[in-house]
Amino acid sequence: MAEAQVAERPAAFAFDSPPLVTPQPVFLQPHYAVRLCIDEPMIGLPDTGRLAALCFVADTLIERVHKVPRSASAFDVGILQEIEALCHQVAPKKHAQTTMADLGLLELFPYLAMGLSGDKLDTVQHNPGAAYFNYISLLNQVVMMGTQLYHDACMPQHHKYAAHQIALLYQCLNMLQGDTKPIRRVVEARFDEIKSITESRDPYLPVELSAWALMHGSRSTLVLAWKPEESTQPH
């Protein structure tokens with residue numbers, strides 16, 4: 001009987017002792033946690049595109065302060081702080097203004113350059129950065145108007161809007177200049193005819209004119225892709 005009790009003690013002692021190793025699921029370990037990077041760039045480079053866009057916004061706001069001094073109180077200083085932070089990402093050891101000068105941003109945005117230097121604001125004769133962004137906006141309008149004209153030509157119930165769409169498209173093409181002159185001439189030749197139909201009691205384009213609108217709606221957008229060196233140069 002005593003021998004049986006002695007034999008049972010080691011087994012009882014083993015179960016009462018704490019385990020030598022306590023397994024832990026890997027996903028609960030902080031150094032194994034997964035960090036989602038879906039919205040982050042694959043290559044961790046500074047966002048110079050956003051830097052240029054912010055400089056354009058700041059340049060526009062400073063120009064407004066120059067032309068409307070009472071708007072100075074509404075100036076968003078946070079934009080300048082964000083510009084400075086992005087400049088430090090590009091060149092951590094350089095001053096923000098030095099980085100912008102190296103990137104050519106101060107030359108592109110003269111009002112921003114004057115505002116940062118502390119000089120008295122004065123009217124500039126040429127603002128290349130603003131001219132560039134305004135021209136890109138025109139290109140976008142041409143694409144939008146051409147696409148809208150194309151879709152309206154496909155739907156007879158929208159034919160009544162064709163003359164208005166063509167007029168807007170022509171205006172944008174005229175402001176672009178460049179290689180758009182042949183398209184403008186074609187539009188001029190058919191505009192009065194289309195306008196008279198769309199303003200009548202039966203505002204439906206015949207098949208031939210509908211096909212014409214389809215073709216030139218798409219052509220006006222494709223010409224920008226075919227000859228960007230000619231159609232994307234400001235005049």
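**Cysteines and overall fold**

I looked up C55 and found it buried, with a relative accessible area of 0%; buried means under 20% relative accessible area, exposed over 50%, and partly exposed in between, using a 1.4 Å probe and protein chains only. I note that this is a predicted model, in which local features need pLDDT of at least 70 and side-chain atom pairs count only at pLDDT 80 or more, while totals for chains, interfaces and linings use all residues. Residues are numbered from 1 along each chain as its sequence is written, and side-chain values use heavy atoms, with hydrogens and water left out.

I then checked C87, which also counts as buried at 0% relative accessibility.

I searched for disulfides (pairs of cysteine sulfur atoms within 2.5 Å) and the structure holds 0 of them. C55 is in no disulfide, the nearest cysteine sulfur being that of C87 at 6.3 Å. Seen from C87, the closest cysteine sulfur is in C55, and 6.3 Å is too far for a bond.

For the fold, I counted 11 helices and 0 strands, where helices (H or I, at least four residues) and strands (E, at least two) are DSSP runs numbered from the N terminus.

I recorded that buried residues make up 29% of the 235 residues in the protein. Of the contacts (heavy atoms within 4.5 Å) between residues at least 6 apart in sequence, 58% join residues at least 24 apart.

Last, I noted an accessible surface of about 16,000 Å², 60% of which belongs to carbon and sulfur atoms, computed by the Shrake-Rupley method with a 1.4 Å probe.
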